[in-house]
Amino acid sequence: WWLVHNNEGRYIHNNNLNFDFIDKRSKFEYKINLSNSFSETEKLALGESFIKYNFNNNLFLRTGKYYRDFSVYLNDELSSGSMLVSKNAQPLKKIGLVGNYRLKKKDNFNFNWGISHGVFKKNKYYSDAPYLHEKFFYLNINQSNRNYFSIGLVHEAIWAGTTTMLGSSNNPGNQPDSFKDFLKVFISADGPLIPGEPHANALGSHIGIWDFNFLRKNMDKIIKVYYQHYFEDTSSFRFANKTDGLWGVELKNYFPKTELLVEYVNTSNCCIDPPYQDDNYYSNYQYRDGWRYNNNIIGNPFINYYKSRDKIKLFHVGFKTNKEKIALKMKASRITSRNDLIKFQASLIRKFEQTDCYLFIVGNEENQSFGFGLSFKIAKK
């Protein structure tokens with residue numbers, strides 16, 4: 001499981017080569033990732049690669065292939081995966097503007113916001129690639145630089161493109177793609193009435209989260225508590241799906257140089273009150289590839305939209321200790337709502353001046369695999 005999930009959409013071959021170039025300057029930041037693991041052909045291709053321009057300390061523009069600028073508290077290295085944009089799939093091509101605003105008279109309050117436009121890929125469901133609309137808004141409260149609380153709203157929508165309509169693999173549908181249609185997508189307004197449907201639905205395929213995060217600092221000790229409440233329509237936006245989403249707690253340095261993360265994922269209320277609350281998470285009847293990119297779930301990989309109205313309760317643990325020359329990282333997950341094996345991964349890293357050597361074991365209670373790797377770092381003086 002952990003060789004092929006939350007792995008930035010990489011396939012696992014007998015040998016994998018990954019190259020990262022990162023350069024940060026006063027105004028610009030560059031990142032280039034090249035890997036031979038993004039397809040079964042083992043040809044080098046771009047992973048997360050972008051150019052970021054900082055207008056000032058409170059506003060920046062980013063373009064390229066990248067993941068997200070929201071839920072910045074989430075530890076992607078140890079987490080089971082964000083409900084919206086994890087590192088399970090390759091990053092989409094996007095351009096986005098992100099800003100921060102601080103109240104002058106109450107500087108312990110500030111707001112984060114962002115908007116971006118992206119594009120999916122053509123595949124067997126899309127003869128013309130659909131677009132991605134993404135926006136978010138957060139209210140952040142800072143109390144004496146010790147307690148931090150934020151509440152955010154994140155909205156994602158798939159729209160435009162040419163799709164295969166439900167019920168016929170040979171009946172392409174040109175989806176609305178004008179600027180007027182974009183404005184409807186922006187506010188989740190209804191599209192045209194589809195024959196056979198009792199009422200018009202929102203134009204495009206919409207998902208999102210209410211994002212809650214509390215952080216407390218005590219010297220170098222940090223505790224984070226978070227909840228991502230997932231929604232797909234008005235009912236789940238109003239919490240009709242109750243506690244569905246991602247719950248998490250992370251402790252940092254409560255044990256010296258150690259991070260411990262515990263998460264709970266619940267989707268058991270996805271369809272408790274049809275037709276009012278009857279979602280099939282990550283799925284859509286028009287955009288039939290759902291919340292996926294290049295054959296991988298964009299959000300939390302444990303939510304399988306192929307299993308109609310898949311109800312899961314998942315417990316996940318992540319652990320990392322980072323000493324001067326030795327690091328240990330482990331994570332384990334199990335779906336408790338049905339018969340399931342514990343999926344685990346453990347890595348031991350030995351650090352040298354410019355090289356890291358690591359051994360890892362992955363698998364479950366019945367099958368395990370072993371591997372090793374080398375990482376070389378070249379720093380500009």
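## Exercises: salt bridges, strands and rings

The salt-bridge count here comes to 13, a salt bridge being a side-chain nitrogen of Lys or Arg within 4 Å of a carboxyl oxygen of Asp or Glu. Before you start: this is a predicted model, where local features need pLDDT of at least 70 and side-chain atom pairs count only at pLDDT 80 or more, while totals for chains, interfaces and linings use all residues. Residues are numbered from 1 along each chain as its sequence is written, and side-chain values use heavy atoms, with hydrogens and water left out.

**Exercise 1.** Work out which residue Glu-77 forms a salt bridge with, and where the two partners lie.

Solution. 
- Start with the contact: Glu-77 bridges to Lys-320, with the closest N and O atoms 3.0 Å apart.
- Glu-77 sits in the loop between strand E5 (59-66) and strand E6 (92-102), and Lys-320 in strand E19 (residues 313-322), 243 residues apart. Strands (E, at least two residues) and helices (H or I, at least four) are DSSP runs, numbered from the N terminus.
- Now check accessibility, where buried means under 20% relative accessible area, exposed over 50% and partly exposed in between (1.4 Å probe, protein chains only). Glu-77 is partly exposed at 32%, whereas Lys-320 is buried at 16%.

**Exercise 2.** Trace how strands E21, E22 and E23 pair.

Solution. 
- E21 (residues 343-351) and E22 (residues 355-363) run antiparallel over eight bridges, forming a hairpin with three residues between them. For a landmark, find Ala-346 opposite Ile-361 in E22.
- E22 then pairs with E23 (residues 368-376), again antiparallel, over nine bridges. That hairpin has four residues between its strands, and Leu-359 faces Phe-372 in E23.

**Exercise 3.** Classify the ring pairs Phe-111 with Phe-137 and Phe-120 with Trp-291.

Solution. 
- Set the cut-offs: rings of Phe, Tyr and Trp (its six-membered ring) pair if their centres lie within 6.5 Å, with planes under 30 degrees apart stacked, over 60 edge-to-face and the rest tilted. By that rule there are 26 aromatic pairs.
- Phe-111 and Phe-137 are 5.6 Å centre to centre with 25 degrees between planes, a stacked pair. Phe-111 belongs to strand E7 (residues 109-119) and Phe-137 to E9, 26 residues apart.
- Phe-137 is partly exposed at 44%.
- Phe-120 and Trp-291 have ring centres 6.3 Å apart and planes at 65 degrees, so they are edge-to-face.
- Both loop residues are separated by 171 positions: Phe-120 in the loop between E7 and strand E8 (126-128), Trp-291 in the loop between strand E16 (258-266) and strand E17 (292-293).
- Phe-120 is buried at 6%, as is Trp-291 at 3%.

Key:
Two strands pair if DSSP finds at least two bridges between them.
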